[in-house]
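Please consult the sequence and the coordinates alongside the text.

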Amino acid sequence: MTEITAKQQDVMVRPATNQSLQGRIRVPGDKSISHRALMLGAIAVGETTIEGLLLGEDPRSTASCFRALGADISELNTQLVRVQGVGGEPGKSLLLEPADILNAGNSGTTLRLMLGILASQPDRFFTVTGDSSLRSRPMSRVVKPLQQMGAQIWGRVGSSRAPLAVLGQNLQPIHYHSPIASAQVKSCILLAGLMTSGKTTVTEPALSRDHSERMLRAFGAEIEVDPEARRVTIAGPCQLQGQKVVVPGDISSAAFWLVAGSIVPGSELIVENVGVNPTRTGILEALQMMDADIEFLDEKIVAGEPVADLRVRWQQLKACTIAGDIIPRLIDEIPILAVAAAFAKGTTVIRDAAELRVKESDRLQAMAKELNELGANVRELPDGLEIVGGASLKGTEVDSHDDHRVAMSLAIAALGAQGSTTIHRAASAAISYPDFSATLEKIAPS
Ligand code: S3P
């Protein structure tokens, strides 16, 4: 039986003992695609319509920043959002100089992608900040390449932490060899290159999500992609044209239900309309390595992105090793994979994932600590986790570390524990999945 009671910011989850999880689930729109649709719509000429936008806190941060920069964005209260872009002559400043500080809230994608756009607006001055988590996250990974392009950016800790001040410039194109496989870094530079005369190229060490490349091309940018060389080139300056965007369901949100269905005996769930872009499906490959029973139903292409319904049926999981080039393709799913590993037979090792230490929280530390509170056997490694599966979990009090993915991962772990679990500060789930608790209640009613 599962019961969720929201008291202040805490959520209580009762275990799903003697009850399998059954049903069909529609997950909210993809967060990465939602940010990009709002941003490209905001700088394009004419109207962009976005169907299926994620109505979470992070896209709201993007919308409020780009409204302050002059775009007309309809209220984020229906899944059809209209954006009137500020687009104009290629290479000229498009954006208004806002009268106040732009606040990206908790959203690294908002801040890092927006910096590429702001740095390339000649003669405009901007200040940007975020919440305490975002203000502690490294920005040098985008500030340094932008400075190589001639950007003027100032801030704390050698211009590596928000708040940051930006004086927009006519930038120079570069070929940037990124030391990390980060879609935020790649996208920031491509967006700066959009306004810059000449060819701007990014090469990354492993392939990260390619939503920017797909959407920039759909909006009319001249983009060359060489996936083998992990190289993308954009030719600027270029004026984007407003488009009709359809946002698929977020595979990062679907991952919670795929793991829930894999750990609660007898379960069968269908998660509908999930984006299955190959740069995001590392989670499916990892779960399949763990013997999960996941099937693709009704695969199709919707507005340039592959989409499918995913059926999961319970099956005993086994341990595996997750490391190397797969990591960027499942980077946001490592917290929920750690939960799957706690229920698997054998010892799962996750490596090459030090990036998790600079996400919304230190996710390696947070997941090791909180899963161990529940009775799991998790050891933190410098760049990953070692999880000895099969310990029986017991409900207790745990904390989300104010991180949406940690909160939801712990709720799924609690489904498989004995006794109730209270998750403190669980309201952070609204960053990417406002209806998470309602869906949990639907598939495992109290
Ligand atoms: C994102 C890229 C990833 C991911 C984040 C969203 C994006 O971050 O973790 O949740 O939309 O580009 P990194 O680029 O830092 O890996």
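How do the residues of the lining of the second largest pocket divide into nonpolar, polar and charged? They divide into ten nonpolar, six polar and three charged; Ala, Val, Leu, Ile, Met, Phe, Trp, Tyr, Cys and Pro count as nonpolar, Asp, Glu, Lys and Arg as charged, and the others, Gly among them, as polar.

## Basis of the model

The model is predicted, so local features need pLDDT of at least 70 and side-chain atom pairs count only at pLDDT 80 or more, whereas totals for chains, interfaces and linings use all residues. Residues are numbered from 1 along each chain as its sequence is written, and side-chain values use heavy atoms, with hydrogens and water left out.

## Pockets

The second largest pocket has a volume of about 370 Å³. Its lining has 19 residues, and those closest to its centre are Val-27, Pro-28, Gly-29, Gly-52 and Gln-79. A pocket is defined on a 1 Å grid over the protein atoms alone, as an open set of points where a 1.4 Å probe fits, with protein on both sides within 12 Å along at least five of seven lines; lining residues have an atom within 4 Å of a point. Grid points are joined across faces, edges and corners, and a volume is the space filled by probe spheres set on the points.

The largest pocket has a volume of about 580 Å³. It is lined by 37 residues, of which Ala-181, Ser-182, Ala-183, Ile-331 and Lys-359 are the closest to the centre. By class, this lining holds ten nonpolar, ten polar and 17 charged residues. Helices H1 (31-43), H3 (108-119) and H7 (183-194) each supply at least two lining residues, and H1 gives the largest share, with four. Helices (H or I, at least four residues) and strands (E, at least two) are DSSP runs, numbered from the N terminus.

## Ligand surroundings

The ligand is surrounded by Ser-32, Arg-36, Thr-109, Arg-141, Ser-182, Ala-183, Gln-184, Arg-209, Ile-331, Asp-332 and Lys-359, each with a heavy atom within 4 Å of it.

For Ser-32, an N or O atom of the side chain is 2.7 Å from an oxygen atom of the ligand. The corresponding distance is 2.6 Å for a polar side-chain atom of Arg-36 and 2.7 Å for one of Lys-359.

## Cysteines

The structure holds zero disulfides, a disulfide being a pair of cysteine sulfur atoms within 2.5 Å. For Cys-65, the nearest cysteine sulfur, in Cys-188, is 14 Å away. The sulfur of Cys-238 is 17 Å from its closest counterpart, also in Cys-188, and therefore too far for a bond.

Cys-65 is buried, at 1% relative accessible area, and Cys-238 is buried at 16%. Buried means under 20% relative accessible area, exposed over 50%, and partly exposed in between (1.4 Å probe, protein chains only).

## Other buried sites

Helix H11 (residues 334-342) is largely enclosed by the rest of the structure, because nine of its nine residues are buried. Among them are Ile-334, Pro-335 and Leu-337.

Asp-210 lies in the loop between strand E12 (198-203) and helix H8 (211-218). Asp-210 counts as buried at 17% relative accessibility, and its side chain joins that of Asn-277 through a polar contact of 2.7 Å. A polar contact is a pair of N or O atoms within 3.5 Å; within protein, one must be able to donate a hydrogen and the other to accept it, and residues adjacent in sequence count only if both atoms are side-chain atoms.
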